[in-house]
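Colleague: Could you walk me through a helix and its charged pairs in this one? I'd like to go slowly.

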Amino acid sequence: MTSVAIAYHSGYGHTAVLASAVERGALEAGATVHLINVETITDAQWELLDNADAIVFGSPTYMGTASSAFHKFAEDSSKRWFTHSWKDKFAAGFTNSGSKSGDKLNTLQFFTVLAAQHGMHWVNPGLHPGWNTSEASEHDINRLGFFLGAAAQSNNDEGPDQVHKADIATAEHLGRRVAETAEVFTRVAA
């Protein structure tokens, strides 16, 4: 069975909602899934990451990049870089910010560089952008039109229970795609 680990940080709970959505999508695809809050990561959870077929990175976008807690996790992952522990695993990412753009692309690019440094293979959502015609709607999947990962927008004055349903659906899609991609390659390699 394919194993997907979701390494995420959530400052106010919105990104945790997305992490749970990625988890649901991967579970629907038949994967074993481990949610790992990088702010409280344990040695056992580092081992889960080391043994996973895919790792999905998630963080809110603060001041144009991932949160400081996620940056600390990324720096701590250098021990894995030295031993190539994550080489040839699959990777993907998701983020959230208060603005429609909110410099989320920079956070997703940070994740892709982290994955590349580890020798991982990046999985994108594989979706066309939504909400970009006069007949489209903010309820379209990938409503914000990101190609590198799943991106969400949450109003600063609303809690995690108000994360947009289309953004949740986009995160679920990403979880399924990562699990399905890892499953195909795991089966071929066996």
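Modeller: A term to begin with: a salt bridge here is a side-chain nitrogen of Lys or Arg within 4 Å of a carboxyl oxygen of Asp or Glu. Please keep in mind that this is a predicted model.

Colleague: Fine, so how many salt bridges does a search of the whole structure find?

Modeller: The search finds 6 salt bridges. In one of them the side chains of Glu172 and Arg24 meet, at 2.9 Å from N to O, and this pair links distant parts of the chain, since Glu172 lies in helix α6 and Arg24 in helix α1, 148 residues apart.

Colleague: Is Glu172 buried or exposed?

Modeller: Glu172 counts as buried because its relative accessibility is 18%, under the 20% cut-off, whereas Arg24, at 36%, counts as partly exposed.

Colleague: And which residue forms a salt bridge with Arg176?

Modeller: That is Glu28, with the closest N and O atoms 2.9 Å apart; this pair, too, links distant parts of the chain, with Arg176 in α6 and Glu28 in α1. Arg176 is partly exposed at 25% relative accessibility, while Glu28 counts as exposed at 53%.

Colleague: What about Arg187 and Glu183, how many residues apart are they?

Modeller: They are 4 residues apart in helix α6, so about one helical turn separates them, and the closest N and O atoms of their salt bridge are 3.5 Å apart.

Colleague: Changing topic, what covers the buried residues of α6?

Modeller: The cover includes β1, α1, β3, β5 and β7, and the buried residues of α6 include Ile168, Leu174 and Val178.

Note on methods. Residues numbered from 1 in each chain as written. Predicted model: local features only at pLDDT ≥ 70, side-chain atom pairs only at ≥ 80, totals over all residues. Heavy atoms only, no water. Buried < 20%, exposed > 50% of the residue type's maximum accessible area, 1.4 Å probe, protein only. Helix = DSSP H or I, 4+ residues; strand = E, 2+ residues; numbered from the N terminus. Contact = heavy atoms within 4.5 Å.
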